[in-house]
Amino acid sequence: MPLYQNILLIAFSLAFILTPLIRVLAFRFNLLDHPKAHGIHSKPVPRIGGIAIYFAFVAGALWQMDLSQQLKGVLVGSTIIFLTGLCDDLFKLKAKVRLLIQIIALAIMMFKYGVVLDIFENKVLNGFFTALGIIGVTNAVNFLDNMDGLATGLVMISSA
């Protein structure tokens, strides 16, 4: 089985196994988004589903243990962004704080680990579109995370 099929199988299997476990923990410890007057939910839904997705992603990325400098950067940056999202789920961080931490994670990825697109001849354009992609996708997924399973489903379809 080719490498990418193994990675997909590992990440999918782990997410499939962890998601119901995280759901049980969320209900047990009341880590829930409760219905609000102007909200979309009619019953409580877990706020910490991203934990399963993050660990599935990391397991897939670490499967071969042959980490390039850029993959290390993606793992470091995604860990910072994951922890920020988790803190936001638990403590409701302000948008400015989340954006600042995302920019710090982006800077670490780009300047320490060399995670930069290599599409244009102009390095400034490459850096701009790298930043736009990372910050943009992170916040787009966060905005979509208003319905149980919507963000996960769309990310899964986009990844495929």
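**Asking why: loops, cores and helix pairs**

Author: Asparagine 30 lies in the loop that runs between H1 and strand E1 (32-33), where helices (H or I, at least four residues) and strands (E, at least two) are DSSP runs numbered from the N terminus. This is a predicted model in which local features need pLDDT of at least 70 and side-chain atom pairs count only at pLDDT 80 or more, while totals for chains, interfaces and linings use all residues. Residues are numbered from 1 along each chain as its sequence is written, and side-chain values use heavy atoms, with hydrogens and water left out.

Reader: Why is asparagine 30 called partly exposed?

Author: Buried means under 20% relative accessible area, exposed means over 50%, and partly exposed covers what is in between (1.4 Å probe, protein chains only). The relative accessibility of asparagine 30 is 44%, and therefore this residue counts as partly exposed.

Reader: And what makes lysine 92 count as exposed?

Author: Lysine 92, in the loop between H3 and H4, has a relative accessibility of 57%, and so it counts as exposed. Its phi is near 55°, a positive value in a residue other than glycine, and phi of asparagine 30 is likewise positive, near 55°.

Reader: Where is tyrosine 113, and why is it placed in its accessibility class?

Author: Tyrosine 113 belongs to the loop between H4 and helix H5 (123-144), and with a relative accessible area of 15% this tyrosine is therefore buried. Apart from neighbours within four places in sequence, tyrosine 113 is in contact (heavy atoms within 4.5 Å) with Gln69, Gln70, Lys72, Gly73, Val76 and Ile108. The C-alpha atoms of tyrosine 113 and valine 76 are 9.2 Å apart, although 37 residues separate the two along the chain.

Reader: What makes a group of residues a nonpolar core?

Author: A nonpolar core is a set of buried Ala, Val, Leu, Ile, Met, Phe, Trp, Tyr and Cys residues joined through side-chain atoms within 4.5 Å. The largest one here has eleven residues, including Ile22, Ile51, Tyr54, Leu75 and Phe82. Helix H1 (3-28), helix H2 (50-62) and helix H3 (69-91) each supply at least two of its residues, and the largest share, five residues, comes from H2. A second, separate core has ten residues, among them Ala105, Met109, Met110 and Ala131.

Reader: How do you know how H3 is directed relative to H4?

Author: The axes of H3 and helix H4 (residues 95-112) come within 8 Å and cross at roughly 170°. Axes are lines fitted to C-alpha atoms, for helices over the stretch in contact, and angles run from 0 to 180 degrees between N-to-C directions. Angles under 35 degrees count as roughly parallel, over 145 as roughly antiparallel, 65 to 115 as roughly perpendicular and the rest as oblique, so H3 is roughly antiparallel to H4.

Reader: Why is H2 described as it is relative to H3?

Author: The axes of H2 and H3 come within 11 Å and also cross at roughly 170°, and H2 is therefore roughly antiparallel to H3. The residues of this contact divide into eleven nonpolar, three polar and no charged, where Ala, Val, Leu, Ile, Met, Phe, Trp, Tyr, Cys and Pro count as nonpolar, Asp, Glu, Lys and Arg as charged, and the others, Gly among them, as polar.

Reader: Which elements have the lowest and the highest mean pLDDT?

Author: The pLDDT is the predictor's confidence in each residue, from 0 to 100; helix H6 (residues 150-159) has the lowest mean among the elements of the chain, 70, and H4 the highest, 96.
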